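Have the sequence and the 3D view open as you read.

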Amino acid sequence: IWTDVSAAPLSSGVGVVIVTADITERKQVEALVQEQAYFPALNPGPTLCVDAAGFVKLANPVAISLGLEVGSSLTELLPLDLVDCIRAGKTQIFEANLNGRVFQLTLCGVPAMNQAFVYGTDITERKQAEEKLRVSEEKWRSLFEILPVGVSIVNSENGVTEFNPAL
């Protein structure tokens, strides 16, 4: 239990008035507000609050390190109708390149606040792995197609799933 105690002398000079108030609920609300304030700050990806004109109102430290500072415009970064997204309360997911990294950004429109929240996840490593896989598959496919001998691929039920032109 939290209490607030204040004391004041009586005007007669004899005695003191002591007032106590239970402020437990206020302290619990303050703790919740502080906890919620830490949430975006501790997020490992960029977290932003954007107004309907596309200007950053709030940014966590990661967003700021990527150049997405309060007051900066995101209109070129956001490939969608931001006002429509906010008005309809839509959620949009898109990718953006920021400082040589690739981020998947999720934009959530909040009509009641006439703004949107943007949450980012760094997907650079995944994109690099996808590109390596694509190159590897392309090399394998080229080799498979130009081999002068017949080659087939058989599944676990002994069914042919693919064969090259030489077969």
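A residue counts as buried under 20% relative accessible area, exposed over 50%, and partly exposed in between. By that scale Leu147 is partly exposed, because its relative accessible area is 30%. Please keep in mind that this is a predicted model.

**Around helix 4**

Leu147 is found in the loop that runs between helix 4 (124–146) and strand 8 (152–154). Together with Leu143, Ile146 and Val149, Leu147 forms a nonpolar patch on the surface, and the four share about 370 Å² of accessible area.

How many aromatic pairs does a search of the whole structure find? The search finds one. The partners are Trp140 and Phe144, with ring centres 5.0 Å apart and planes at 15°, so the pair is stacked. Planes under 30 degrees apart are what count as stacked. Trp140 and Phe144 are four residues apart in helix 4, which means that about one helical turn separates them.

The two partners, together with two other residues, can be set side by side by their accessibility:

| Residue | Relative accessible area | Class |
|---|---|---|
| Trp140 | 41% | partly exposed |
| Phe144 | 4% | buried |
| Leu147 | 30% | partly exposed |
| Arg87 | 63% | exposed |

**A charge over a ring**

Another tryptophan, Trp2, has a charged neighbour: the charged end of Lys27 sits over the Trp2 ring, 4.9 Å from its centre.

**Strands 3, 6 and 7**

Strand 7 (residues 115–122) pairs with strand 3 (residues 47–51) in the antiparallel sense, over five bridges. Within this pairing, Leu48 has Val118 of strand 7 as its bridge partner. Strand 7 also pairs with strand 6 (residues 101–110), again in the antiparallel sense, over eight bridges. Here Cys108 stands opposite Phe117 in strand 7.

Strand 6 and strand 7 form a hairpin with four residues between the strands, and Asn114 in this hairpin takes a positive phi near 50°. Which C-alpha atom is separated by 7.1 Å from that of Asn114? That of Arg87, a residue 27 positions away from Asn114 along the chain. Arg87 lies in helix 3 (residues 82–88), and Arg87 is exposed, because its relative accessible area is 63%.

Methods:
Residues are numbered from 1 along each chain as its sequence is written. This is a predicted model: local features need pLDDT of at least 70, side-chain atom pairs count only at pLDDT 80 or more; totals for chains, interfaces and linings use all residues. Side-chain values use heavy atoms; hydrogens and water are left out. Patches are made of residues with over 30% relative accessible area and no salt bridge: like charges are joined within 9 Å, nonpolar side chains (Val, Leu, Ile, Met, Phe, Trp, Tyr) within 5 Å. Accessible areas come from the Shrake-Rupley method with a 1.4 Å probe; for residues, only the protein chains shown count as cover. A salt bridge is a side-chain nitrogen of Lys or Arg within 4 Å of a carboxyl oxygen of Asp or Glu. Helices (H or I, at least four residues) and strands (E, at least two) are DSSP runs, numbered from the N terminus. Buried means under 20% relative accessible area, exposed over 50%, partly exposed in between (1.4 Å probe, protein chains only). Rings of Phe, Tyr and Trp (its six-membered ring) pair if their centres lie within 6.5 Å; planes under 30 degrees apart count as stacked, over 60 as edge-to-face and the rest as tilted. A charge sits over a ring if NZ of Lys or CZ of Arg is within 6 Å of the ring centre and within 35 degrees of the ring normal. Two strands pair if DSSP finds at least two bridges between them.
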